[in-house]
Amino acid sequence: MEAPKQKTTATKATETVKKVRQFVKTMYTSAHEAKAQGKPVAYCMILSAYDEIVRAMDITPIWNENYGGLCAAKRDAERFLNRAQQDGYSDMLCSYVSTSIGFDALRKDLDGMPPNAPDGGMADPDMLLGTGMMICDPRYKWFQSLGRYRDTPVHCYSLLWPPTDANLEEVMPYYVKHLTEQLRGLVDFLERQTHKKMDWDRLSQTVDLGEKTQRLWWEGYQLRKSIPCPMPTQDAFNAFVPAYFALGSKEALDFYQELYQEVKYRVDNKIGVIPDEKYRLLWGGGLPPWHTLSMFDYFQSLGAVFPIEVTYRPWDPVEVPPSVTDPLERLAWRFMKQQTFRHEKAQKGSGVPEVELLLEFIEGYRIDGVVMHLAQTCRTWSLAQIHQLNVMKQYVKVPTLFIESDIVDVRMYSEADTQRRIDAFIETVAGYKTR
Amino acid sequence: MTELGSKGDGLARVSELYQNRHRRAKELRSQGKKIIGYFCSLTPVEFLTALGLVPYRITGSALEPITRADAYIETIMCPYLRSCFDKGLKGDYDFLDGFVAPHACDHIVKIYDIWRYYLKTRYTHFVNVPHMSDASSRQFFREELAVFQRSLEKLVGNSLSPHLLTEAIRLHNENRALARELYRLRKPDPPLLSGTEVTKTTVAAVTIPVEESNELLRGVIQEVKECHQGPRKNARLLLYGAELDDIAFTRMVEEAGSNIVMDDVCFGSRNYWHDVEITNDPLDGLITYYLEGLSCPRCYKPRLGTHQEDLENRLGYLRDHAREFDVAGAIVYVIRFCDTFEFDAPDVKDFLQGAGVPVLHIEEDYAMTSPARLKTRVQAFLEMIG
């Protein structure tokens, strides 16, 4: 008799986010359908500033990072990770990447879809769209490495933003100009691959929709400042999906409209996540442990909820200069302003933009403790967590906890060790609260 | 000239500088020179030299335990940078007047902010080197270099003319040419000097002003040509990797019965194999060099054609090195947690093996934490390649 499958996902508080599962399934089936109809499909990565561009050109995106998370949640990443490592890729390489490389390596070995691939697997892409980003080295090496397994056209472009100590007045103009030109280069590539010209009016409308969606999403999250917490982080780790994977679509906008209404209802009626909310915690950094989001249920069993998180959060609302009408330039300004949103505040304050955000959240969401996830294979979001907390503690005295595991690789996770750390942390939080 | 600045001491001078690599910089500082520490071959050091500053390449230690850095940075950070930062926390780099970091990788991006926060070096600057080399990236880098130049001019209180910059480029090109001449002394069998001696030389060479570095290299070349007792005839190897600035590994490999006759590492040939082209506008040559001239995995080359064609475009030079220096095998040494090199390692291995060069792929800490285990692997590899 087969052992019952362990629950790896967390219990959701809101009804709206329960729809995300179907949303994700549809992402993969849509890609297969597009492929069957001869429509272009692309491997894409989040936070690449090209969401609306891809959508406006009727290219169906496949989000490799999402696939890593999906395989982790289903505890079906190991075969892909092993296959990548078999070819010499390090077990310390980003496990989103290793999952993707292993998947395509297996696809090549089998000359077809790996059997029982989660959600039907990733459709065969017609192009791979990477970025040479300010952070996240995998973003320009990943699709380069996939060349071992597939001869698919790759386009990689530069996506840089100013460092923390930059004089923004001095540098922003050429950073924006650079990104605008890079996006123009991307459009040129996409036009060649699809044999179709960009409809610039359509792109402008898609960007309008994207901005409206981002704004609505952000406004909804301000409601989470309420006590009791109406929507926890485990919900948010689903709720980000439409904005990160379908920005510029009506479906994404509708989703956040529905979410806003539901969260507002819960706030107005004082509906919390758990009956006895004792402690409010901040997910202060690190990508989620997709293999075991059920750890949020464990936190909740101890009376702790997460009203807000730093990871996969809505972008802060920014204003693009009104004179800018070219949609590519709008995207460039938007991206640059979002990435440097707290630079000047940090220069005058703590020196660290991430710490400014932590401090804002601790105050705004009435936070009792901060939890960091140090994901072993993710240097991008795990490095500098110690530094951020060191600096943060100069301004506020709240207990902090490091959970060490990984984003995808469950072999780097010890449930017993993690739960004992959580137990001790909650005791500390309780002690701080009674001071 | 002071005792430490005396000429013609060749390898003895190299050893002295390698062991006491801060001493000359501190002496220069006491004479009023400003010492600017930097990471990585991507730092445009020509600007520093042109303005009378002394570029000083920061190094770690493969043998010194990390005892302070773990309170500030995660253990999954590049162990080379952790070591450098640890030494900084211990005061080893208090003599620096400035610190420059280029956009080489995630780790350097993060350590830049952390270094300047805790070590409070007076002048700091981050040079945002693009990964790409298309026209708009070149233009972007031109603007970045202009900002860098302005910040340095403010530091020294002088402006930098194109002429001075060109002269600095010539000096650094001379340095590169001398290093290549040094490397050619490794072509004979046995090579005229060991890989360990070359590592010491190239590390020592980046801790002193470029004029002194040129003198040092001339001294070593002359000494080696005239009267140096080189290593024994052993298996000839190429070493591929990143920030291998310590002789601990090279010495272990050579003592196991080999000669490292060529390398592609950050303190080695990667720094020296191409010159900056002298152009009317010196920025043109510098931009081309730093975006396209370095054989580094972080410098993205757009995919051309098939996978094999892509490998040829990215890695063909490695096969050429292997043939030119008549190597019997290669060691691909990837420092753990180094994403950039970890991504390329399987391709490098496949490409070299396809060219008939056996490869030992090692993924290890920067520190020599388990030398016996490593030595066993190296010995087994050497037996295999006969």
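Me: What does the salt-bridge rule find across the interface of chain A and chain B?
Reply: It finds 8 salt bridges. This is a predicted model, where local features need pLDDT of at least 70, side-chain atom pairs count only at pLDDT 80 or more, and totals for chains, interfaces and linings use all residues. Residues are numbered from 1 along each chain as its sequence is written, chains are lettered from A and ligands numbered from 1 in the order written, and side-chain values use heavy atoms, without hydrogens and water.

Me: Why is the meeting of A:Arg379 and B:Asp339 called a salt bridge?
Reply: The term needs a side-chain nitrogen of Lys or Arg within 4 Å of a carboxyl oxygen of Asp or Glu. Here the N to O distance is 2.8 Å. The pair therefore qualifies.

Me: What makes up the contact between chain A and chain B?
Reply: Chain A gives 61 residues and chain B gives 55, where contact means heavy atoms within 4.5 Å. About 4800 Å² is buried between the chains, 55% of it on carbon and sulfur atoms. That area is the accessible area (1.4 Å probe) the two parts lose on being put together, summed over both.

Me: How many residue pairs are in polar contact between chain A and chain B?
Reply: The count is 35, with both residues at pLDDT 80 or more. A polar contact is a pair of N or O atoms within 3.5 Å; within protein, one must be able to donate a hydrogen and the other to accept it, and residues adjacent in sequence count only if both atoms are side-chain atoms. On the chain A side, elements giving two or more residues include helix 7 (168-194) and strand 7 (369-375). Helix 7 of chain A gives the largest share, 7 residues.

Me: Why is helix 4 of chain B called largely enclosed?
Reply: Buried means under 20% relative accessible area, exposed over 50%, partly exposed in between (1.4 Å probe, protein chains only). In helix 4 (residues 79-89), 11 of the 11 residues are buried, so the rest of the structure largely encloses it. The helix is a DSSP run (H or I, at least four residues; strands are E, at least two), numbered from the N terminus. Its buried residues pack against helix 5 (106-119) and strand 7 (329-335) of chain B.

Me: What does B:Phe39 touch?
Reply: Leaving aside neighbours within four places in sequence, its contacts include B:Tyr80, B:Leu81 and B:Cys84. Those three are among the buried residues of helix 4 of chain B.
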